[in-house]
Amino acid sequence: MIAGFFNTVGYAGPWASNAWPTPPVFCDREAASRTMHRAMDQVLLADELGFDWISVSEHHYSPRILTPSPMIFAAGITQRVKRAKIAILGPLLPLSNPVRVAEELAMLDVMSEGRIVVLFLRGTPNEILVYRANPDESREITQEGIELILRAWTEPQPFGWEGRYFNYRMVSVWPRTFQEPHPRVFSSGNTPDSIPFAARNHLGLALSFMPLSEIQHRVELYKTEAAKAGWQPTASDVVYRFFGHVAETDEDARKNVGDVRLDLGQFFGMNPAVLKQLIGDRPMHIHSMERPFLCGGPAAVVDQVGALREAGVGNLDMAFTWPGLSHEQQLRSMECFASRVIPQIRAL
Amino acid sequence: MAKPLNRREQKLEADGLSIGYFEAGNGDPVIVFPDEEGDFTDPVLSKIAESHRIISLSLPGVYLATADQVAEKLPHALTRLGLEQCSVIGISTGARPALALAIAAPERVDRLILLSPLLPSDGDEFPDLAGVKTPTLVLVGTRDTSEAIAGGRLCREKIRDCHLSFIYGASHPLAGDRPEACQDAIVQFLEQGEQFIIFRESQVIRR
């Protein structure tokens, strides 16, 4: 089992609003700077504690995650961390120029000497508004973008791309990625309809913030689709992103996370009628979470990880944040997970 | 939407090579070598015929001839058709005679366009790609056959002035899957040659 640390780079100042977008006036400039330093300290700690990868994500216009450009933060990590992999989970392709994304990731892979892992995403429904993309086309745009990026990383000669959503007459990415043929690529399976694409293209499957039963169902679908494409995925092909909290005892963990629910309205914080339109037929799993997915003392969490492994997950991407948890509590949870859980789940 | 293709069926004898063909459209001439099934979707040809005179060589005469015979005899056939210079399109196996003509008579060929090129595998018949001096566009589908993609890459590598473009989502033969993408690239290359890489559509949103 691979143990990844998801660094949300959450704003270190007081959160004055849960609205999305959050007005910039609430962003204290000093606190923003402190956020970046604190997040980098957390990255160094995760590396020291033995996490296999450190992940960053792309989100916009809110204090929740201060990495609208995950590449910039990842570049910083490459210069400070020399062991752990750097997982960029991940760039939002409907909001991006995919050739630029291919170039930046190739730079990062070279800068880190081949430690980049990547997941390409459509973005949460609200984020499609950021650079004015059409929500109804976000999946098709993302899939074309992934194929273009893979081509840009592997074609030996300059080429053009006559796409449905992208048209380039000259693509010739320098530097080439350090890893040959390219960094490990995951594709989202949160929407079951996206799973055949991942399987057909031999990509890893990334799932997030959903109950165990839904993970099992999606992994089965992935395996079925991969078999049609002539290959057999293993647990190492599946990553699951989630919130987790570990304390000395089950009771301490429950007490620390309290009874704060995390629900969709709070999470997206925007006009419900607009949000409903943006979501369309996408299944939203994070409409309500009573507690972090993994929560408890070390023994209980080891069992919970075992259940994930049985469901077919071989890569954990764990965020230690939860509403109400202090930064110190998060650090203690990381340390507890690293010293008491990771050694027990290595062989899973 | 292009108008339906108005084909004018013809026949030509040139040095013992019997070639059936049809013509369509008016403008600068474009010789088309279809694949062995004669498969090239009308929408793409119709679009090209809006601005060009298409002479599509039909089968089997050209394919029964060797590339050398094509190279030797086709220039005469072009003269009989009153064509001093023309552009040439070769589709799938039609890439072979298209390349043979471009290599044998470089002064007669303005532009060369190959779609999903299937090149011969044996050594003797293999075209001397480095001998192609004509600006060349090669289109292959992202779901094309591995042979066609390999053929496209080889052309890009060996031909001095060659542009390789992937038609996203298209399989072999690719013009049927994404006709609009093919015709845009083909017509722009026919009209602008190597300069078709320059983007000149206005990016103004509102004035």
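**Close-up views of B:Arg178 and chain B**

**View 1. Contacts of B:Arg178 in a predicted model.** Leaving aside neighbours within four places in sequence, B:Arg178 is in contact with B:Ile167, B:Gly169 and B:Ala170. Two residues are in contact if their C-beta atoms, placed from the backbone, lie within 7 Å. The model is predicted: local features need pLDDT of at least 70, side-chain atom pairs count only at pLDDT 80 or more, and totals for chains, interfaces and linings use all residues. Residues are numbered from 1 along each chain as its sequence is written, while chains are lettered from A and ligands numbered from 1 in the order in which they are written.

**View 2. The setting of B:Arg178.** The loop between β8 (162-171) and α6 (179-192) of chain B holds B:Arg178. Helices (H or I, at least four residues) and strands (E, at least two) are DSSP runs, numbered from the N terminus. B:Arg178 is buried, because 22 other C-beta atoms lie within 10 Å. The cut-offs are 20 or more such atoms within 10 Å for buried, 12 or fewer for exposed, and in between for partly exposed, with C-beta atoms placed from the backbone.

**View 3. B:Arg178 and B:Arg143.** These two residues are 35 residues apart along the chain, and their C-alpha atoms are separated by 12 Å.

**View 4. Chain B as the surroundings.** Chain B has 6 helices and 8 strands. Buried residues make up 48% of its 207 residues. Of the contacts in chain B with a separation of 6 or more, 72% are between residues 24 or more positions apart. The C-alpha trace of chain B spans about 60 × 35 × 30 Å along its principal axes.
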